[in-house]
Amino acid sequence: MMNRRSFGKALGVGAGAGAAGLAGPRSAAAAPAAAPGPHTTFPPIKQIKAGLLDVGYAELGPAHGPVVICLHGWPYDIHSYVDAAPLLAERGYRVIVPYLRGHGTTRFLSDRTFRNAQQSAIAMDVIALMDALKIHRAVLAGFDWGSRTADIVAALRPERCKALVSVSGYLVTSLEANLRPLPPKAELAWWYQYYFATERGRLAMEDKTLRHDLTRLVWDTVSPTWDFDDATFERTAAAFDNPDYAAIVVHNYRWRLSLADGERRYDALEKLLAARPTIGVPTVTLDAERDPFTAPGGGTSYRDRFTGPYEHRILPGVGHNVPQEAPAAFARAVVDADRL
């Protein structure tokens with residue numbers, strides 16, 4: 001476990017720097033992110049019944065510390081936070097890292113529940129988890145699906161979100177906007193979204209070997225500078241053996257393209273999200289320079305969606321899996337968002 005001096009050094013805070021140093025830069029660009037840390041495992045995974053799910057989650061840090069909930073994306077799992085979470089725990093945070101529905105040890109409580117992965121359903125999973133753990137407010141931090149989920153909670157349930165760290169900024173899905181074509185280069189990066197719209201894509205996700213190779217290809221493509229080894233990928237790939245994984249992933253991407261229906265229970269929430277609600281909680285947004293999904297413009301395309309205290313940072317040389325590629329920079333963003 002990293003000691004407090006090492007944590008401060010990892011965050012770029014020298015001895016005696018004080019709170020002003022922890023606040024971090026307010027400019028558009030940040031210094032190059034530190035290398036990934038040494039951790040490979042979490043403490044034993046816990047389980048708790050929350051809403052429609054029996055949620056598997058890792059927990060680190062003091063039981064009565066301020067809470068940070070770290071949310072992973074696709075095709076990733078809780079190991080995206082295997083280095084960032086200990087940094088935050090050393091700082092005194094209670095860090096909760098749940099497997100999203102369809103991943104790892106998270107299971108649906110009923111076989112009859114529709115395997116729905118629309119954005120509001122996943123966001124309500126987080127609220128249910130907070131209720132089950134008796135957490136009223138937490139800092140929410142995420143990337144990919146995790147950013148979208150954290151953004152939605154911050155927008156629709158701001159009383160539950162103390163602060164926000166959102167990689168790629170404002171990711172609330174607009175079904176109407178997703179019906180319109182993007183520039184060809186941007187469409188190319190989304191190849192798997194269209195693949196999952198086909199039966200071939202669904203069958204590939206249900207086949208363990210094809211699923212393994214497809215998700216590994218995505219890792220290689222979207223994190224071109226991350227020199228991860230096979231063992232790192234395999235630790236995460238184990239989470240894809242969840243019996244609902246294929247159904248959840250395929251539904252998520254089909255729903256985004258209006259090729260699959262959601263559930264009526266979420267219609268009111270989706271109507272609110274269609275209006276692109278602003279987020280007023282203190283927020284740090286992160287753009288990864290080498291992530292093919294990073295929007296051009298240095299965060300300008302979504303700046304108007306954040307109306308509260310705000311900072312934007314660009315991480316040079318970093319790809320899509322920000323918390324695992326640059327754990328110190330991610331942890332620093334959490335600390336700084338909590339201080340805004």
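Mentor: A pocket is defined on a 1 Å grid over the protein atoms alone as an open set of points with protein on both sides within 12 Å along at least five of seven lines, whereas a cavity is a set of points where a 1.4 Å probe fits but cannot get out; lining residues have an atom within 4 Å of a point. This is a predicted model, in which local features need pLDDT of at least 70, side-chain atom pairs count only at pLDDT 80 or more, and totals for chains, interfaces and linings use all residues. Residues are numbered from 1 along each chain as its sequence is written, and side-chain values use heavy atoms, with hydrogens and water left out.

Trainee: What volume has the largest pocket?

Mentor: A volume is the space filled by probe spheres set on the points, with grid points joined across faces, edges and corners. For the largest pocket the value is about 1,400 Å³.

Trainee: Which residues lie nearest the centre of the largest pocket?

Mentor: Of its 41 lining residues, Leu171, Leu182, Trp190, Phe293 and Ala295 lie nearest the centre.

Trainee: Which helix gives the most to the lining of the largest pocket?

Mentor: Helices (H or I, at least four residues) and strands (E, at least two) are DSSP runs, numbered from the N terminus. Helix 6 gives the most, with five residues.

Trainee: How many cavities of 30 Å³ or more are there?

Mentor: The count comes to two. The largest cavity has a volume of about 70 Å³, and its lining includes Leu53, Tyr99 and Asp125. The second largest cavity has a volume of about 30 Å³ and is lined by Gln119, Ile122, Trp145, Arg148, Thr149 and Asn252.
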